[in-house]
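Here are my notes for going through this one together. Have the viewer open and click along as you read.

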Amino acid sequence: MSRTALRICPLCEATCGLTLTVEGTRVTGARGDRDDVFSKGFICPKGASFGAVDGDPDRLRTPLVRRDGELREATWEEAFDAVAAGIRGVVDRHGANSVGVVLGNPNVHTMAGALYPPVLLAGLGTRSVFTASTVDQMPKHVSSGLLYGDANAIPVPDLDHTDHLLLIGANPLESNGSLCTAPDFPGKLKALKARGGTLTVIDPRRTRTAKLADRHIAIRPGADALLLAAVAHVLFEEGLVDTGELTSHLQGLDELREAVQDFTPEAVADACDVGAGVTRALARELAAAPTAAVYGRIGSCTVPHGTLASWLVDVLNILTGNLDRPGGALFPQAATDRTPRPAGPSHGFALGRWHSRVSRHPEAKGELPLSALAEEIDTATAEGEPVRAVIAVAANPVLSAPDGDRLDKALGSLDFMVSVDPYLNETSRHAHVVLPPPPPSQSPHHDFAFNTLAVRNQVRYTRPAVPLEPGRMAETEILARLILAATGMHGADPSAVDDLVMGQTLGKAVKDAHSPVHGREPGELTAELAGDTGPERRLDMMLRLGPYGDGFGVHPDGLSLTKLLAHPHGIDLGPLRSRLPQPLKTRSGKVELLPQPIAEDLPRLREALRHKPDGLVLVGRRHLRSNNSWMHNVPALTGGTNRCTLHIHPEDAERLGLEDGAAVRVKGAGGEVVTEAEVTDGVRPGVVSLPHGWGHNRPGTRLSHALKDPGVNVNQLLDGSLLDPLSGNAVLNGVPIKLAAVAAL
């Protein structure tokens, strides 16, 4: 007999509400939840395929432990015994930093991934931390940290109210939005145009988003920061700067004017391949709009000047008075944010508090570049021990990091590796222990990270739609047990992890004069927490202490888990609103427009004015039915247009003698791949495009459908040496490559 259950979709950043159809313990269908306060019934192909993703027969059901060189099924007890012996042995022999922790993108899509990795890192005390952020959005975190003092204070465009939206390096009609959580992003762009607004897209590809735009500028890849600096120059030069109510919150406006003086539209024109007149028009249109928002995403992050480009996105919002005002770019406030504190000078944001061992890359936000993981494993130096063990949680860096071949070999040389992953994939196949979480239908869901980036303040929580199958272990318990095993407390009750966090959090809260529970007893507060599990009790604690919370009875109408459970479709907390200066944590208590690290990196951008790359350059691309390397094992989400082909402009194809469908060899600094050419005017001349996340052809995996059409790993074309120096982010776009026709595939 069928029934329905609600579930927030965890398959991209849009976080849409779903109504699942369930037959017994199997999800047989998914449709949009029309009563969801945020998504209002919107659904994309990924969400519609929730049942197929959830029920993939290649998902691992039991732990695997390596015995006699082979991964074999084991009990949970055997698996955690092996983890404890393996990790603690490496720590005892080589020290905490010899354990590398690698966190993949799916962590931010689960409750477990949000709640437990910080505890793991604190317990291990390792500085060898690598995440997907440094092949994605780390430049935005760094620029926000430098501007606002908080790396997680990321303003998002007020999509529902803006009059002018400028997108650079973003394709939300395919990605559904990123660092900007917005169900039905396509509908919001169409609504913008319907109310008479303007959409401008800057992208070397004529994407689906670019086709919708009023103005599409096909920039030369990698020149984003130059173009944005020139727009800022015009705003100053033509007297178009109007910071309005922001003025009292700003520091360094005159210094900023001087810093962009050299970046005239004429000076950047050749390097950007954008005419000076177009650049001036961009600046004038931005300044003239009643409200406007500039939004940059992965295309402007994964380039040589990614942090500068991310900084300049916010600079343009500031110079036009559009930061922190409705219709511009605003700071969301999630229900689980910390209790707001009075505005004022704070600790600020620092870079380079430590460095990687081999190439001396500075840390950013507590992380080292994922590009450096292989050398941190396979290269000996006089400074410290190499990484000898890896804990990988929802991570597949063999496909997501540059030079997967080198990393593949490095992982195979480790003393010990544990992988928390539902699949035996290109990375987890090297593990000594694989701990498989259950499918998403059997897990609770709350979006801790994405609600801090949402275009409307709201809060939603869904309990598991399907009971945990016999023999499965909840992902939250897996990570709690992993923490205990890795930190010398193997065998303790996993609830001890949640109890520790709740005790520490409430212990600090009662001593905080700004907290609603100041002066109370932590034990008394703990006893008041609602929830059937430790994670639910932690969520209740965060909601009640948060900006909308009931303060443990201080504000009777405020949020709590009990109240949230009574609203299964979520609670709307209202549109984004102006919040400055409260989000600022800089040492000055102001928006610091020209931080020293930015000023010191600007000469490198000036040097780029003199360089115009010869030959072809490579960019990536996204697809609506894909999310990195996650979903290529699901038949419903592959095939058709979601294929690993090389997009090449007709002019370049003719010059190189390539026909549509022909086999082509692509060669870069890190290696070469052979793939199929797809001739299209969707890319500008001089640019080719390969999608990210493919290359499922390594032995020892259990991805039966992906193996039928594995594609090629675009990141193998990179050797890992190209990084944005401020953030450590890999340069994935605008890299030079060479093409040659080969015999038919």
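1. A crossing of two helices is left-handed if the near helix is turned anticlockwise from the far one by less than a right angle, and right-handed if clockwise. Helices (H or I, at least four residues) and strands (E, at least two) are DSSP runs, numbered from the N terminus. Keep in mind that this is a predicted model: local features need pLDDT of at least 70, side-chain atom pairs count only at pLDDT 80 or more, and totals for chains, interfaces and linings use all residues. Residues are numbered from 1 along each chain as its sequence is written, and side-chain values use heavy atoms, with hydrogens and water left out.

2. Now try that on a pair. H10 passes H12 in a left-handed crossing. On the H10 side the contact (heavy atoms within 4.5 Å) is made by Leu226, Leu227, Ala230, His233 and Val234, and on the H12 side by Pro265, Val268, Ala271 and Cys272. The axes of H10 (residues 224-237) and H12 (residues 265-272) come within 9 Å and cross at roughly 165°. Axes here are lines fitted to C-alpha atoms, for helices over the stretch in contact, and angles run from 0 to 180 degrees between N-to-C directions. Angles under 35 degrees count as roughly parallel, over 145 as roughly antiparallel, 65 to 115 as roughly perpendicular and the rest as oblique. H10 and H12 are therefore roughly antiparallel to each other.

3. H12 has another partner. It packs with helix H13 (residues 276-288) at an angle of about 115°, the axes being 8 Å apart, and H12 and H13 are therefore roughly perpendicular to each other. The crossing of H12 and H13 is right-handed. Look for Pro265, Glu266 and Ala269 in H12, which meet Ala276, Thr279 and Arg280 in H13.

4. On to H20 (residues 495-509). Its 15 residues reach 21 Å from first C-alpha to last, close to the 21 Å expected at 1.5 Å a residue; the expected span is 1.5 Å times one less than the number of residues. Which residues of H20 are buried? They are Val497, Asp498, Val501, Met502, Leu506, Gly507 and Ala509. Buried means under 20% relative accessible area, exposed over 50%, and partly exposed in between (1.4 Å probe, protein chains only). The cover over the buried residues of H20 includes helices H5 (117-124), H19 (475-486), H21 (522-528) and H22 (534-545).

5. Asp601 sits in helix H24 (residues 596-608) and is buried, at a relative accessible area of 7%. What does its side chain make a polar contact with? The partner is the side chain of Arg604, at 2.8 Å. A polar contact is a pair of N or O atoms within 3.5 Å; within protein, one must be able to donate a hydrogen and the other to accept it, and residues adjacent in sequence count only if both atoms are side-chain atoms.

6. Most residues other than glycine have a negative phi, and most peptide bonds are trans. Asp68 has a positive phi of about 55° and is exposed, with a relative accessible area of 73%. Asp324 has a positive phi of about 65°, but Asp324 is buried, at 8%. Also check the cis peptide bond joining Leu580 and Pro581, where omega is about 10°; Pro581 lies in the loop between strands S19 (571-575) and S20 (591-592).
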